[in-house]
Structure formats: structure tokens, C-alpha cells
Amino acid sequence: MSEQSLNFKVNVNTEIGRLRKLLIHSPDSGLGKVVPSKAQDWLFEDIVHLDTIRKGEYDYYIKLLMYFLDPDKIKGKLAEIDSDAANRNFYKPNHPEFHNSTAVIEIQNLLSEMLEDESIRKKLVSAVCAIEGCTYKVQIALTNTPAKELAEIFISGTLANDTMIFAPIPNLIFTRDVGITINDHILLNKPAKKARVRETLLMRYIFFNHPLFESYRNNILEIPDVTMHFLRPGDEPAFSTTLEGGDVMMVSPNHVLIGCSERTSEHGANEAIKLLFEQNVVEKVTVVKIPSKRDYMHLDTVFTQVKRNTWVILNSIAHSPKYNPYEPINFLKEPEKLEATTAIQFTKANPQEPKHFEHVEALLNDISQNDLKSTEPTKIIYSGNNTFPYDSREQWTDSCNLLAIKEGVVLGYDRNDKTVEAFKAAGFDVVDVKDLIQDLECGKVNAETITDTLILMPSAELSRARGGFHCMSLPILRDNL
């Protein structure tokens with residue numbers, strides 16, 4: 001076992017403990033190959049401008065992560081890193097001048113390193129070619145391709161001469177969805193959409209084969225298919241076993257939330273609960289059933305945690321719709337069940353008697369007060385400042401999808417103005433990432449002492465992809481609260 005893997009730790013037991021290590025994937029050339037006719041099939045709402053999404057937006061995410069997680073790589077070197085002469089090499093995976101941080105870990109580099117092993121390379125090429133329907137000649141050619149180049153092909157779907165041989169996997173930038181760290185275990189996803197099958201396969205190989213995760217291989221959890229699904233005639237979505245990481249939140253050391261959504265099925269939640277209890281990973285799992293709509297997609301698109309006692313949420317999810325008894329229509333027509341949100345809590349000790357919460361806010365209050373022992377009242381910050389139509393507009397552009405770097409310090413998009421107002425009203429400082437990076441570079445601000453701050457990130461192109469910074473992160477190590 002290598003020295004790096006011996007010193008490598010996996011442990012996340014809250015959403016808000018000080019972030020120490022995470023997996024990310026920088027926007028690759030595949031994002032620049034999404035075409036309008038396939039955008040929705042590939043789970044994008046629009047086509048993005050690759051140069052802008054890289055230089056104008058995602059690079060700031062990397063810089064900020066570096067100042068908080070690996071400052072020696074960047075502090076005092078920012079002018080050189082961002083110079084024209086440097087040509088963004090610091091941000092390019094597999095480039096000799098790439099940052100190669102052991103805290104801000106790039107998935108493409110892990111894939112390249114793993115593919116250096118010839119036996120693994122042959123197996124993974126065979127698996128990818130099987131699911132993508134490649135010819136045998138292509139399979140042989142890929143097997144003989146150098147590891148770094150092959151990693152790029154697997155991710156972008158494109159050969160070095162710019163020939164596309166299969167679809168890109170543009171959603172790999174949303175690393176949260178491929179798995180989730182639950183204490184010292186990693187729960188792998190089972191994607192709902194075909195567009196995410198290859199990225200799931202790549203991540204499965206990384207977790208089980210890369211030396212970094214060598215001591216955690218017995219802690220990697222995979223959800224099996226339910227027998228009744230593959231024995232039924234046809235492909236019936238109602239019986240599919242799907243689960244994506246955006247629907248899983250590790251909210252306290254013994255408590256996991258699982259969302260049933262457009263992407264995670266009841267059967268997926270069921271199998272995850274059984275697995276987590278059987279493996280003694282947690283004592284408590286709460287299933288939050290949200291409307292199965294593209295508007296919401298995952299649990300973390302409708303709420304995320306900011307502090308021990310503070311959450312940001314879309315109000316219509318926080319409380320199921322109330323029906324006016326003075327409106328005759330409410331007696332003439334059945335309520336729309338898809339719009340209701342429910343929260344059901346299962347315990348390992350007594351799974352046959354789940355606890356039902358009146359609404360999601362009651363659940364969040366219970367987590368803050370009872371699981372996390374908050375000494376202050378629970379605060380709720382609403383998307384769009386709970387004002388129509390800004391609440392739903394800003395939720396669509398990920399006002400509720402925030403990443404906590406430490407308790408009270410969260411990253412969000414700069415376009416959600418009304419939500420920003422709500423944060424200010426709740427006592428948070430609001431700072432533009434470009435200003436914060438300059439202050440961190442010159443020492444005016446200290447990453448260790450900054451508190452209660454919403455950091456605004458540029459978002460014109462990133463927001464088109466339908467995911468915020470919570471989606472674009474797979475934390476693998478956080479401090480305990």
C-alpha cells in the first residue's frame with residue numbers, strides 16, 4: 001500500500017463540517033460538444049460556451065477551493081497562475097503544470113493513474129465498448145491508447161483528432177451524483193438516465209481499483225437491482241432501482257436523508273436503507289419524497305444546509321400545498337398528489353414503525369435541534385426571499401444548491417438576487433468571489449476566520465447545466481462539528 005493511500009482518510013458525517021478533501025471534475029471538451037438536438041437526452045437544458053464556463057466561471061471555483069483546502073498551491077502565486085504565459089495550465093487535468101492537489105482531487109487524473117495498470121485498462125475498455133456498442137477494432141485501438149489520452153476519450157467521447165466515437169458525459173462535472181460519503185463509507189449511485197451510465201462505470205472502477213481508495217474497498221456500497229424489476233416484461237420505471245448522490249445528504253453522524261425524486265426511486269431508497277442498516281453505517285434514514293419533476297430533479301436542488309441551525313429551501317417544498325376550503329374546485333377535483341412532499345424516518349432499531357414529519361421544515365428543525373444540538377432557534381432562508389415568481393425562478397438557477405466549505409460559509413450563484421437579499425436579512429455577509437480571492441491572496445481575509453458568508457460565484461454558463469456547487473462536489477473528508 002502506498003504512503004499516500006495509508007495517510008488518505010474518507011469520513012463525512014455532516015453537510016457543514018470544515019471541508020478538507022473533495023472530488024471534482026473540471027469542464028472537459030465534451031461540454032463543448034453538446035448539441036441542441038441531444039441536450040435534454042444528455043441532461044442539459046442548453047448548450048454552454050466552453051471557454052466562458054472554464055475561464056470565466058469554474059476557474060474561480062478551483063481557486064477558492066485551493067485557498068480553503070490547499071493554500072500552499074496557490075497563495076502568493078496567483079498572478080503567475082493567471083498570467084497569459086501560464087495559459088491556464090494550472091487548471092488543466094493531466095497537464096504537467098496542473099495543480100495536482102491531494103485535497104481538491106480531479107477525477108480525470110485518478111482515471112488516468114488507474115489506467116496505467118494494463119489489466120485494469122483492458123477490463124475497462126471492454127466494459128465501455130460493450131455499453132457504447134463499439135466495434136472490436138475500436139476496442140483494440142483504445143486498449144493500446146496511452147492512459148492520459150484514454151482517460152480524456154472516456155470522458156469526452158472524442159479521439160485526439162476530434163472524431164467523436166461515442167457521446168460525451170457532460171454531467172461528470174456534477175460529481176456529487178456519482179456517489180456520496182456516509183461516515184467512512186462511499187455509497188455508489190445507480191443512475192436513472194442512460195446518459196450517466198458510463199460515468200457511473202468509470203467511478204466504480206476508480207473507487208474499487210485506484211490505490212488511493214485501497215484501504216476503503218470493503219466500505220464501498222453498491223445497490224443491487226430488485227429481482228422483480230428485471231423479471232418483469234418490458235422496462236417499467238415504477239419498479240426501477242435508481243439512486244443518485246444529489247438525493248443523499250449526510251446530515252449528522254448517525255442520520256442520512258434520501259430523497260425520492262425524478263432520479264431516485266422508492267425501490268432505490270428501499271435498497272439503500274437496507275444496505276446502510278445491514279452494514280451498520282447509520283442508525284437513522286429519513287426519506288423525503290419530493291415532486292417527481294424536472295424543476296426539482298434532486299433533493300439538493302430544493303434545500304441544502306448552511307449552518308447547524310440554518311437551511312435554505314424552496315417554500316413550496318418546505319410545506320405541502322394547503323387547499324382553500326372556500327374554493328369549490330377543491331371538492332370537485334382530487335388534489336395533485338405529485339405536488340405533496342412527505343418525510344418518513346426509519347430507524348435501524350425499529351424499522352417497522354417509521355416516524356412521519358408534518359412537513360420538511362419540521363424535519364430540518366429536528367435535525368438542527370436534536371441531531372446537531374443547536375443552541376439557537378432554527379432559521380429558514382427561502383429561495384427568492386419567498387416572493388413569487390422569484391422563488392421558483394431562482395430555485396431553477398440553484399438558489400438552494402449551496403456548498404458549505406465550513407459551517408456558515410457557503411458558495412452560491414451570483415444571479416439569484418432575491419435569495420441574496422434573504423441571506424443579508426438573516427445576518428450573512430455577501431461577497432463576490434473575485435473580491436474574496438484578492439483579499440485571501442493579499443492576506444486581508446483569513447480562510448480560517450471567515451464566518452457567516454455567502455460567496456457569490458459567476459454563473460451565466462454554469463447555471464445552464466442545471467446544477468450548483470453542491471452538485472459539483474463530492475466531499476470525502478470533513479471535520480467533525
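Modeller: Rings of Phe, Tyr and Trp pair if their centres lie within 6.5 Å, and planes over 60 degrees apart make the pair edge-to-face. Keep in mind that this model is predicted.

Colleague: How many aromatic pairs does a search of the whole structure find?

Modeller: The search finds eight aromatic pairs. Take Phe 90 and Tyr 91: their ring centres are 5.2 Å apart and their planes meet at 85°, so this pair is edge-to-face. Phe 90 and Tyr 91 are both buried. Now take Phe 207 and Phe 213. Their centres are 4.9 Å apart and the planes stand at 75°, so that pair is edge-to-face too. Phe 207 and Phe 213 are both buried.

Colleague: Which residues form one aromatic cluster?

Modeller: Tyr 58, Tyr 61, Tyr 413 and Phe 469 do. Remember Tyr 61 and Phe 469. They return below.

Colleague: Where does the charged end of Lys 63 sit?

Modeller: Over the ring of Tyr 60, at 4.2 Å from the ring centre. Lys 418 gives another case: its charged end sits over the ring of Tyr 390, 5.0 Å from the centre.

Colleague: Now the core. How should I think about nonpolar side chains?

Modeller: In soluble globular proteins, they tend to be buried together. Here the largest nonpolar core has 48 residues. Those touching the most other members are Tyr 61, Leu 64, Phe 68, Ile 455, Met 457 and Phe 469. Several elements give two or more residues to this core, including β1 (19–24), α2 (50–69), β15 (409–413) and β17 (453–457). The largest share, twelve residues, comes from α2. Apart from this core lies another, of 40 residues, and among them are Met 114, Leu 150, Ile 169 and Ile 220.

Colleague: Which residues does Ile 455 touch, not counting residues up to four places away in sequence?

Modeller: Ile 455 touches Leu 64, Val 409, Val 410, Leu 411, Gly 412, Val 431, Val 433 and Leu 436.

Colleague: Is Leu 22 buried or exposed?

Modeller: The cut-off for buried is under 20% relative accessible area. Leu 22 has 0%, so it counts as buried. Leu 22 lies in strand β1. Beyond four places in sequence, its contacts include Tyr 61, Leu 65, Ala 103, Ile 105 and Leu 474.

Colleague: And what about a polar residue, Gln 345?

Modeller: Gln 345 has 7% relative accessibility, so it counts as buried as well. Strand β11 (residues 342–347) holds it. The side chains of Gln 345 and Thr 286 are joined by a polar contact of 2.9 Å. With neighbours within four places left aside, Gln 345 is also in contact with residues including His 255, Lys 284, Phe 357 and Asp 366.

Colleague: Next, cysteines. What is a disulfide?

Modeller: It is a covalent bond between the sulfur atoms of two cysteines. The rule for a disulfide is two cysteine sulfur atoms within 2.5 Å. By this rule the count is zero disulfides. Cys 129 is in none: its nearest cysteine sulfur, in Cys 134, is 4.0 Å away. Cys 129 is buried, at 3% relative accessibility.

Colleague: How many residues of helix α7 are buried?

Modeller: Seven of the ten, so α7 (residues 147–156) is largely enclosed by the rest of the structure. Among the buried ones are Leu 150, Ile 153 and Phe 154. The buried residues of α7 pack against α4 (107–115), α5 (118–132), α6 (136–143) and α8 (197–209). Gly 157 follows the helix, with a positive phi near 75°.

Colleague: Which residue other than glycine has a positive phi near 65°?

Modeller: Met 297. Met 297 lies in the loop between β8 (284–289) and β9 (303–307), and it is buried, with a relative accessible area of 5%. Asn 94 also has a positive phi, about 75°, although it is not a glycine. Asn 94 sits in the loop between α3 and β2 (104–106), and it is buried at 12%.

Colleague: One last angle. Is the peptide bond from Phe 388 to Pro 389 cis or trans?

Modeller: The bond is cis, with omega near 0°. Pro 389 is in the loop between β13 (379–382) and α14 (390–396).

Key: Residues are numbered from 1 along each chain as its sequence is written. This is a predicted model: local features need pLDDT of at least 70, side-chain atom pairs count only at pLDDT 80 or more; totals for chains, interfaces and linings use all residues. Side-chain values use heavy atoms; hydrogens and water are left out. Rings of Phe, Tyr and Trp (its six-membered ring) pair if their centres lie within 6.5 Å; planes under 30 degrees apart count as stacked, over 60 as edge-to-face and the rest as tilted. Buried means under 20% relative accessible area, exposed over 50%, partly exposed in between (1.4 Å probe, protein chains only). A charge sits over a ring if NZ of Lys or CZ of Arg is within 6 Å of the ring centre and within 35 degrees of the ring normal. A nonpolar core is a set of buried Ala, Val, Leu, Ile, Met, Phe, Trp, Tyr and Cys residues joined through side-chain atoms within 4.5 Å. Helices (H or I, at least four residues) and strands (E, at least two) are DSSP runs, numbered from the N terminus. Contact means heavy atoms within 4.5 Å. A polar contact is a pair of N or O atoms within 3.5 Å; within protein, one must be able to donate a hydrogen and the other to accept it, and residues adjacent in sequence count only if both atoms are side-chain atoms.
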